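Here is a brief report on a single protein model.

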Amino acid sequence: MTKGNVFVSGASRGIGKNIATYFAKNNYKVVGTSRNDFNVEEGVKNFIPIKLDVTSRDDIKNCFNHLKSEGLLPNILINNAGITSDQIFLRMKDDDWDNVIETNLTGTYNLTKAFIKNMVKNKNGRIINISSVSGLMGNAGQVNYSSSKAALNGFTKSLAKEVGSRNITVNCVAPGFIDTDMTSFLDLDSKNEIIKTIPLGRFGNVSDISEIVMFLASDNASYITGQTISVDGGLLMY
Ligand SMILES: NC(=O)c1ccc[n+]([C@@H]2O[C@H](COP(=O)([O-])OP(=O)(O)OC[C@H]3O[C@@H](n4cnc5c(N)ncnc54)[C@H](OP(=O)(O)O)[C@@H]3O)[C@@H](O)[C@H]2O)c1
């Protein structure tokens, strides 16, 4: 018997792929999506890859109908798809702003809007949004990205207040620097400079994020909602 249906956006690589694979290996039925076709790790069952752009409401509608007919509507939604388009603000183009906000913030809105009704009906749901340390402490060159991620923290708190009575929790995970394609543009010198600011002295692994997401999705986290949990090696301390 499977433990529940999970939907992970941005599951073709990096953090999202690791989360999706981790859930699939732990007996959840997982639908993972991205804009481009992708393969799942060999031998992993219960992980269905679907092509879907989180900025396309038509894609989401089609996907919703398909999942409904297959009995795969999620009780666990992980809004992970995200992009950067870094540029100092004075040089930032409208497209840099629009694309990042559309994907990171509106994409989360689009998917949550599509799937939450079923969670409300079933009085059971977990929504986990992947934000970023950049949304909590700011980062030069990322006004667009920080704004989108900070907004996710507000989105999380407000929605958590609305749906708590329906037994739905809504939380954010805010990764620090994690080794994925998103951070692979950093050269060794820049990486070493950043590492000096991280008390644990390293970039995080994708599995550092999957562990906390799995916990937040579990029954053990049933009294945690509206929180943003940093997983950043101590980079940001309040
Ligand atoms: N890596 C870090 O250091 C770090 C730190 C803090 C927060 N985060 C956040 O963690 C999340 C995952 O990051 P990552 O490092 O794993 O990034 P990544 O390696 O670049 O992977 C991003 C994933 O999102 C998908 N994606 C991008 N735009 C999409 C769209 N419009 N619709 C559907 N899927 C889309 C990509 O696939 P396609 O390109 O095929 O669509 C890919 O699967 C992001 O939200 C990111 O902001 C990452």
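## Ligand shell

The shell around the ligand has 30 residues, and Gly-10, Gly-14, Arg-35, Gly-82 and Thr-180 come nearest. A residue is near a molecule if its C-beta atom, placed from the backbone, lies within 6 Å of it. This is a predicted model: local features need pLDDT of at least 70, side-chain atom pairs count only at pLDDT 80 or more, and totals for chains, interfaces and linings use all residues. Residues are numbered from 1 along each chain as its sequence is written.

Three elements each supply at least two shell residues: α1 (14-25), β2 (29-34) and α3 (94-122). The largest share, 3 residues, comes from α1. Helices (H or I, at least four residues) and strands (E, at least two) are DSSP runs, numbered from the N terminus. By class, the shell holds 16 polar, 10 nonpolar and 4 charged residues. Ala, Val, Leu, Ile, Met, Phe, Trp, Tyr, Cys and Pro count as nonpolar, Asp, Glu, Lys and Arg as charged, and the others, Gly among them, as polar.

## α1 against α7

Helix α7 covers residues 206-217, and its axis comes within 9 Å of the α1 axis, crossing at roughly 50°. Axes are lines fitted to C-alpha atoms, for helices over the stretch in contact, and angles run from 0 to 180 degrees between N-to-C directions. The pair is therefore oblique. Angles under 35 degrees count as roughly parallel, over 145 as roughly antiparallel, 65 to 115 as roughly perpendicular and the rest as oblique.

On the α1 side, the contact includes Gly-14, Ile-15 and Tyr-22; on the α7 side, it includes Val-206, Ile-209 and Met-214. Contact means C-beta atoms, placed from the backbone, within 7 Å. The contact residues divide into 8 nonpolar, 4 polar and no charged.

## α2 against α3

The axis of helix α2 (residues 57-70) comes within 10 Å of the α3 axis, and the two cross at roughly 25°. That makes α2 roughly parallel to α3. Arg-57, Ile-60 and Phe-64 of α2 meet Asn-110, Leu-111 and Ala-114 of α3. This contact has 4 nonpolar, 1 polar and 1 charged residues.

## Positive phi in two loops

Most residues other than glycine have a negative phi. Asn-46 has a positive phi, near 65°. Asn-46 sits in the loop between β2 and β3 (47-51). Lys-123 also has a positive phi, near 50°. Its place is the loop between α3 and β5 (125-130).

Are these residues buried or exposed? Asn-46 counts as partly exposed because it has 19 C-beta neighbours inside 10 Å. Lys-123 has 11 such neighbours, so it counts as exposed. The cut-offs are 20 or more other C-beta atoms within 10 Å for buried, 12 or fewer for exposed, and in between for partly exposed, with C-beta atoms placed from the backbone.

Technical notes: Two residues are in contact if their C-beta atoms, placed from the backbone, lie within 7 Å.
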